[in-house]
Amino acid sequence: MSRILDAGLEELSLLLHKMGELTYEAVSLSLGSCIEGRGSHKQVHELSDAVVSLSDKVESKTFELIARYQPVASDLRTIKSYMKISNDFSRYGRYAFDVSYICERLGGLCNCEEWVQKYIEEMSEKVLGMVRLSIDALRNHDHNLAKTISESERQVDQMYLTYIDKIVELSHTTNKCTVSSILVIRYLERIADHATYICESVVYLVTGEKVSLG
Amino acid sequence: MSIRIETKNLSVSFGEAKAIDGISMRIFANKVTAVIGPSGCGKSTFIRCLNRMNEIVGKAKTSGEALLDGQNIYSEDFDVVELRRRVGMIFQKPNPFPKSIFDNVAYGPRIHGTHDQESLRRIVETNLKKAVLWEEVSDRLNKSAMDLSGGQQQRLCIARALAVEPEVILMDEPCSALDPIATAKIESLIRTLSQEYTVIIVTHNMQQASRVADYTTFLYLGKLVEFGQTKDVFENPKSEITEKYITGEFG
């Protein structure tokens with residue numbers, strides 16, 4: 001027999017899946033258009049707003065479930081994790097918005113040197129892979145998949161630091177490109193962090209184990 | 001943390017039926033321990049072992065040990081009257097005597113030999129204050145206890161239990177007959193009492209256990225399934241049966 005709480009948890013789960021897909025679309029669109037020099041800020045802005053609106057719904061629903069059903073054990077862990085993940089998804093949306101904004105204002109990365117474009121393209125692919133992994137791990141409550149994010153997180157952190165060192169070393173890069181690429185790469189690094197946090201939440205949700213995957 | 005009560009392989013049978021089966025557990029001094037579990041799992045039988053109340057039921061047979069401050073309360077030379085003074089009990093339904101409020105609280109001390117009126121007056125006042133009832137009844141101590149509300153009667157029973165200076169207070173679903181306001185007062189009182197006494201509470205209300213208890217133990221089919229800090233039991237239970245019970249999948 002299903003419990004009254006189960007319907008609420010299912011509703012929360014659907015909201016989060018929707019958030020996940022919207023944020024993936026926002027991050028993917030903003031990165032792709034920034035690298036190729038296409039304007040996408042308006043679309044990304046709309047997607048980001050939609051994510052914020054869903055985040056409000058998640059918050060409202062979680063408070064309702066806590067107030068009405070006083071969840072415990074795995075139910076409590078699920079709700080706590082969903083609240084945290086909802087915040088992480090909002091941050092995906094926000095960084096997607098920031099990427100599209102900076103690229104619209106300073107011009108896309110297509111104006112940068114080829115190696116910069118390639119570097120950021122490679123890092124974007126890695127980060128998008130992490131975003132996808134976090135969404136899939138959540139959808140399937142797959143803590144084993146979640147734990148595999150550590151290696152990508154390490155690689156992205158390393159790419160971020162290497163890029164900063166390189167850009168300082170190469171003083172001939174144009175100012176606009178320097179600024180936009182550093183900001184984009186910083187946002188990428190933060191998106192990767194949130195993907196890792198989501199995976200940590202998935203592990204906690206399923207096992208009760210608090211792990212650090214970063 | 002000091003241990004007030006320890007049970008070792010404690011079992012109770014009523015005729016052929018085993019009500020609790022080999023429970024070994026430690027109860028820490030000045031902490032609230034909640035005993036939870038589905039109906040018939042042995043919760044009440046377990047706490048009744050701790051002041052030998054089961055002996056009142058003719059067919060009850062107890063084995064194993066229950067140590068109070070290191071002494072086995074089931075040893076032949078343990079004084080049962082003294083045990084029940086040291087380990088008081090509060091029941092599901094408030095059960096004041098059909099006497100005045102004053103006489104209810106003074107009843108135990110009188111039995112134990114205090115007859116001086118001034119001493120009794122002091123004991124009554126002190127313990128009604130501890131039970132957070134004094135403000136409500138100080139001007140009608142000679143009125144019948146039966147005229148009090150259910151919540152007030154339960155707090156009077158707590159004052160009556162405290163008047164004989166116990167070390168441990170057993171509570172068997174003390175709020176199940178009370179409304180939410182009276183329940184909140186008893187729960188707040190339980191937390192205050194734990195500064196001075198060791199409290200063991202049987203409850204069917206999971207939220208009550210999580211609100212008032214420092215430790216929680218889960219019994220199932222007479223056996224101890226899980227014991228731990230309340231936060232851990234309710235956030236991340238180790239046993240799948242505990243998980244299913246507290247999340248309402250069965251029970």
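**Strands and helices, with reasons**

Modeller: Gladly. In this predicted model, strand β1 (residues 3–14) of chain B and strand β4 (residues 60–68) of chain B pair in the antiparallel sense over 8 bridges.

Colleague: What makes β4(B) and strand β5 (residues 71–72) of chain B a pair?

Modeller: Two strands pair if there are at least two bridges between them. β4(B) and β5(B) have 2 bridges, in the antiparallel sense, so they count as a pair. Within that pairing, B:Leu67 stands opposite B:Asn72.

Colleague: And what lies between β4(B) and β5(B) in the hairpin?

Modeller: There are 2 residues between them, and B:Asp69 in the turn has a positive phi of about 50°.

Colleague: Which strands are the edges of the open sheet in chain B, and how do you know that?

Modeller: The order of its 6 strands is β6-β7-β8-β3-β9-β10, with mixed pairing. β6 (87–90) and β10 (223–229) of chain B are the edge strands, as each pairs on one side only. Neighbouring strands in this sheet are turned by 20° against each other on average, direction ignored.

Colleague: How many bridges join β7 (residues 168–172) and β8 (residues 198–202) of chain B, and do they run parallel or antiparallel?

Modeller: They run parallel, joined by 5 bridges. B:Asp172 has B:Val202 in β8(B) as its bridge partner. Helix α6 (residues 150–162) of chain B packs on this sheet, where it touches β6 and β7 of chain B. The direction of α6(B) makes about 170° with that of β6(B).

Colleague: How do you know that the length of α3(A) agrees with its number of residues?

Modeller: With 34 residues at 1.5 Å a residue, α3(A) should span 50 Å, and its end C-alpha atoms are 49 Å apart, so the two values agree. After α3(A) comes A:Gly107, with a positive phi near 90°.

Colleague: Finally, how many residues does each chain give to the contact between A and B?

Modeller: Chain A gives 9 residues and chain B gives 11. The chain A side has 3 nonpolar, 3 polar and 3 charged residues.

Technical notes: Residues are numbered from 1 along each chain as its sequence is written. Chains are lettered from A and ligands numbered from 1 in the order in which they are written. This is a predicted model: local features need pLDDT of at least 70, side-chain atom pairs count only at pLDDT 80 or more; totals for chains, interfaces and linings use all residues. Two residues are in contact if their C-beta atoms, placed from the backbone, lie within 7 Å. Ala, Val, Leu, Ile, Met, Phe, Trp, Tyr, Cys and Pro count as nonpolar, Asp, Glu, Lys and Arg as charged, and the others, Gly among them, as polar. Helices (H or I, at least four residues) and strands (E, at least two) are DSSP runs, numbered from the N terminus. The expected span of a helix is 1.5 Å times one less than its number of residues. Axes are lines fitted to C-alpha atoms, for helices over the stretch in contact, and angles run from 0 to 180 degrees between N-to-C directions.
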